[in-house]
Amino acid sequence: MKKVLLLALFVSSIICYSYAQNRLSPVWKYYKTNDIKAVQGIETANWPEVNLLLSWERQGLCWLDQGLVLKNSFFADEKDSPLQLSFSLQGDVQAVYVNQKQVVGKIPNSFWSERGKKQQVIIPDSLLNQGGKNEITILITNLSYTGGLSHNFCSLQALNASSENAISISFPVKQHVFQSKDKRLLTIETRQAVNARVKLLINSDFHQTVFNEYIDMKPGASEYVFDLAPLHLAPGFYECVAISEGETYCGAVEWFAVDPEGIVCSAEKIPGFDDYWQAALKELETVEPDYHLEKIDSLCSASRDAYVVEMSSLNNLRIRGYYFVPKNEGKHPAILNVPGYGYGYQNLEEFTSRKDDIAELALCVRGHGISSDVFNPWDTIAFWAVGACDKNEYIYRAVYMDCVRAIDFLLSQPTIDKNKIGVLGGSQGGGLALATAGLCKNNIAACGIFDPWLCDIRHQANIRTTINQEIDFFATYPSIDCDAEQTFAVLDFVDTKYFATDITCPVRFAASLFDDDCPVHNGFSAYNNIKTDKKYFVYPNDSHLAESGQYNDLYEMVKELLMSN
């Protein structure tokens, strides 16, 4: 196996919760309800906690929760008047109260439009218990998707505060990945006006606490180097949270990895797995593909012609995709792009702007994009719940065959070099890329994946625990008459980690450490069982939204593999 390659060096990175003299801890109490009256008179001592430094999903919260009442307390001092509340919360804020008096009304979620936009309000002195404890309450509904990075923020501080608090976590290794030979150190740096206690919490990605203690930090600029070696951390991924506590608060969170290639997840297929997929492939062979191409002039460029391609897949369902072919003569390498969950390539700029001598097919599998006219279950049932009680009716059996049919199409084209076909995708698309590379074997010359979904699904249910809520929610659909374990038994047959040992082409894997949707552990469950030329690339500060451009990076890697083949 070739040596692991990592991207540029980041020795230190910061996600700082606040600035100046923030009176609010990032750790709040919460109660699940969308009715503020429902919590009147209920003692908060036994309420669970939520840390605004972390994503909702990481803490078992998601869109299925109707709402949250958040509570916190703070000390008010007359000399610091006036106090300004600054906040940005991922969801619809219905109201903010200070000492039971409303100070803010409705503020809709702005995650998709102005992510991280802060609202600010001055708290009237008349509402405060000067020199004593005060309470702040927030009602938030429709918890927003996060991707894994928390953009929740809530700060309360003197409007004219001059001093500034800060905290950071850093690691002396590339991309926060410790290999077996590396000295395992973690550095906490603080800048604050007074002595402070920093709570350092380290959890595994499976929510197991491996360290939870306080560290005393001095005033001014202070540094503490923590030796991770005595923790004897097993190969895996670890979340590190540091919160400076006292009259004021500041916090940071980072992830790091320990020898990810040492993670062992069984590649032994469940009984009947290969027979199941051989039967699906044989069934697909009985369907006449009936390819049809329609040129789309508005998508053509100086270097590429563009078409909508249509073909018949499993169950004789017509599926479509956008097909881009270089105008110059000769045979071209080709990349099959497979979509993320629910994505139909509504933005085609990445394809229309490229000038590479390479063909691309952006496939809309059934129920996605321009293939959703004949099959569109989204309004009545979650897509991944369709057929979840029967492995032979389950939606992903057909979706994987859509990808195989797309490869059939590329192989049928006289302008395509049949020895230079790659497949590329992220999230659901990453899982589809793994499945396609495994099912089509020697017909695939390169594979690029970003944090694949439906990969190592049972471990995912232990990491991203909200998946269990979603599967339980399936039972509310009239067409679902099986329990969670029966659903998992079906999911086992589409788990893309089992295709890893069937892959014969080079593989490039991009992984985001903050990814909640498709935790990086799951991708390595497949990656570590791939036996071909492979390399992984870690993005330590990114979420499932691939903020650093993982998809374009993978495209360049797959293109390079095809061009050099």
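A disulfide is taken here as a pair of cysteine sulfur atoms within 2.5 Å. By that criterion, this predicted model holds 1 disulfide. The partners are Cys389 and Cys482, whose sulfur atoms are 2.1 Å apart. The torsion about their S-S bond is about -80°, so the disulfide is left-handed. The bond links distant parts of the chain: Cys389 sits in the loop between β23 and α3, while Cys482 sits in the loop between α6 (466–474) and α7 (484–491), 93 residues apart. The two cysteines can also be described by their accessibility: Cys389 is partly exposed, with a relative accessible area of 29%, whereas Cys482 is buried at 12%.

Two further cysteines are worth a look. Cys265 is in no disulfide, and its nearest cysteine sulfur, that of Cys455, is 8.9 Å away. Because its relative accessibility is 6%, Cys265 counts as buried. Cys455 is likewise in no disulfide; for this residue the nearest cysteine sulfur belongs to Cys518, at 8.8 Å. Cys455 is buried, with a relative accessible area of 0%.

Turning to charged pairs, a search of the whole structure finds 29 salt bridges. One of them joins Glu239 to Arg58, with the closest N and O atoms 3.2 Å apart. Glu239 belongs to strand β17 (residues 236–245) and Arg58 to the loop between β3 (49–51) and β4 (67–75), so this pair ties together parts that are 181 residues apart in sequence. Glu239 is buried, at a relative accessible area of 3%, and Arg58 also counts as buried, at 8%.

Another salt bridge pairs Asp402 with Arg366, the closest N and O atoms being 2.8 Å apart. Here helix α3 (residues 395–412) supplies Asp402 and the loop between β23 (359–364) and α3 supplies Arg366, so the parts tied together are 36 residues apart in sequence. Asp402 is buried, with a relative accessible area of 0%, and Arg366 counts as buried at 3%. In the salt bridge between Lys269 and Asp274, the closest N and O atoms are 2.8 Å apart; Asp274 is partly exposed, at 41%. Salt bridges also link Asp290, Glu310, Arg318, Arg320 and Asp373 in a network.

With 16% relative accessibility, Asp305 counts as buried. Leaving aside residues up to four places away in sequence, Asp305 touches Lys295, Cys300, Tyr323, Phe324, Val325 and Lys327.

Key
Residues numbered from 1 in each chain as written. Predicted model: local features only at pLDDT ≥ 70, side-chain atom pairs only at ≥ 80, totals over all residues. Heavy atoms only, no water. Buried < 20%, exposed > 50% of the residue type's maximum accessible area, 1.4 Å probe, protein only. Contact = heavy atoms within 4.5 Å. Salt bridge = Lys/Arg side-chain N within 4 Å of Asp/Glu carboxyl O. Helix = DSSP H or I, 4+ residues; strand = E, 2+ residues; numbered from the N terminus.
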